[in-house]
Amino acid sequence: MSLTFKIKYQIYKLISELYGFNLSKQKKGLRILMYHSVGSPVEGDTYNIYNIEPELFKLHLEMMNKLNLNIIALTKKNLSLAESGVVLTFDDGFANNFETAMPLLNSYNIPFAVFVTTNNVKKKEKFFLSKKQIIELSCNENIKIGSHAMNHVYLESLDKSSLYNELSGSKKYLEDLIGKEIDALSYPNGSVNVRVRDICEEIGYKIGLTSWPNINSHNQDPLLLSRNAIWSIDTTKILKQKIEGKWDWMRYRYTDPRFKD
Ligand SMILES: [Zn+2]
C-alpha cells in the first residue's frame, strides 16, 4: 500500500471519529457492504484495498455474528419490509468468493450477493468465477447472483446502444447460465447517473447498487441504493464504525448519483 494512501487513511479515520462522535443516534435503514476479493490480487487496485486477507475476513464475520446484526438477503421484498438490516455484497465475481468466502459465510448462515462481470467468465480469466462455480453459487438459496455488466467499464461514458449491450447482454448471459431471473446490478466503478439508472429499469433490473456511501432509508430508489466499501485494511473496529455510519461523511466527496445526469 502506498504511503500516500496510508496517510489518507489516517486522516479518514480521524474525520470518522469526529463525525461519528456527533452522530446522535444510529439511523434506521439498510446498510449495504461492498467487498471484492478475498485472497487474490485485484487488477488495477492502486492502493491494494480491494483484496482482504481471508483471516481478516473471518474476523469481520465473527464480529458481525457477535453483534447480532440483522443480516438479510438482497431481495426486493426485504428492501421494502426490513426496517433495519445489513446486506453483504461482493463485486467483480472473484473465484475466491466461491472457494474462500462462501464456506465461511455458510458456516454463519449469512446470505450474500455476488455481482459478476460476465466477460471475465466468458474469457475464463484467472482468479474469476467459472461457469460451474456460478451455477453452484446460484443453487444456494442464501446466495444471489447479480450483474456487474460485461466489461467493467464506466457506464456513464457509454452511448445508448453500448449501454444496452452491457446491461442486457450481462443479464441474459447470467440468466441463460443459471436459469433464474437476474434482477440486480452493481454499477461498475460506481459509475451511474439518472440516464444509466433509467435504462436499467427499462431493461428489467429492479435493484441497482452504487458505490455512494450511505445508509438506505425506506423510500430510497431501489435502483440507486447506497453502499459502503469495505477495504482490506479495515479492522473489525473500522468495520463496526462503517456499519454504524461513522464513515458516511465520505459521500460528500462525490456527487449523489440522483443528481447526476
Ligand atoms: Zn467492480
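The following exercises concern a predicted model.

**Exercise 1.** Identify the protein donors of the zinc ion and state how they are spaced in sequence.

*Solution.* 
Step 1. The zinc ion has as its protein donors Asp-92 through OD, His-148 through NE2 and His-152 through NE2.
Step 2. These donors lie 2.0 to 2.2 Å from the zinc ion.
Step 3. Along the sequence, the donor residues follow the spacing D-x55-H-x3-H.

**Exercise 2.** Classify His-148 and His-152 by relative accessibility.

*Solution.* 
Step 1. A residue is buried under 20% relative accessible area, exposed over 50%, and partly exposed in between.
Step 2. His-148 has a relative accessibility of 1%, and therefore counts as buried.
Step 3. His-152 has a relative accessibility of 28%, so this residue counts as partly exposed.

**Exercise 3.** Describe the span of helix α2 and the placement of its buried residues.

*Solution.* 
Step 1. Helix α2 comprises 13 residues, 54–66. From first C-alpha to last it reaches 18 Å, close to the 18 Å expected at 1.5 Å a residue.
Step 2. Leu-56, Phe-57, His-60, Leu-61, Met-63 and Met-64 are buried in α2.
Step 3. Viewed down the axis of α2, the buried residues fall within an arc of 165°, so they line one face of the helix.
Step 4. Glu-55 and Lys-66, on the other side of α2, are exposed.

Notes
Residues are numbered from 1 along each chain as its sequence is written. This is a predicted model: local features need pLDDT of at least 70, side-chain atom pairs count only at pLDDT 80 or more; totals for chains, interfaces and linings use all residues. Side-chain values use heavy atoms; hydrogens and water are left out. Donors are N, O and S atoms within 2.8 Å of the metal (3.2 Å for Na, K and Ca); water is not among the atoms, so sites may look incomplete. Buried means under 20% relative accessible area, exposed over 50%, partly exposed in between (1.4 Å probe, protein chains only). Helices (H or I, at least four residues) and strands (E, at least two) are DSSP runs, numbered from the N terminus. The expected span of a helix is 1.5 Å times one less than its number of residues. The arc is that of the directions from the helix axis to the C-beta atoms.
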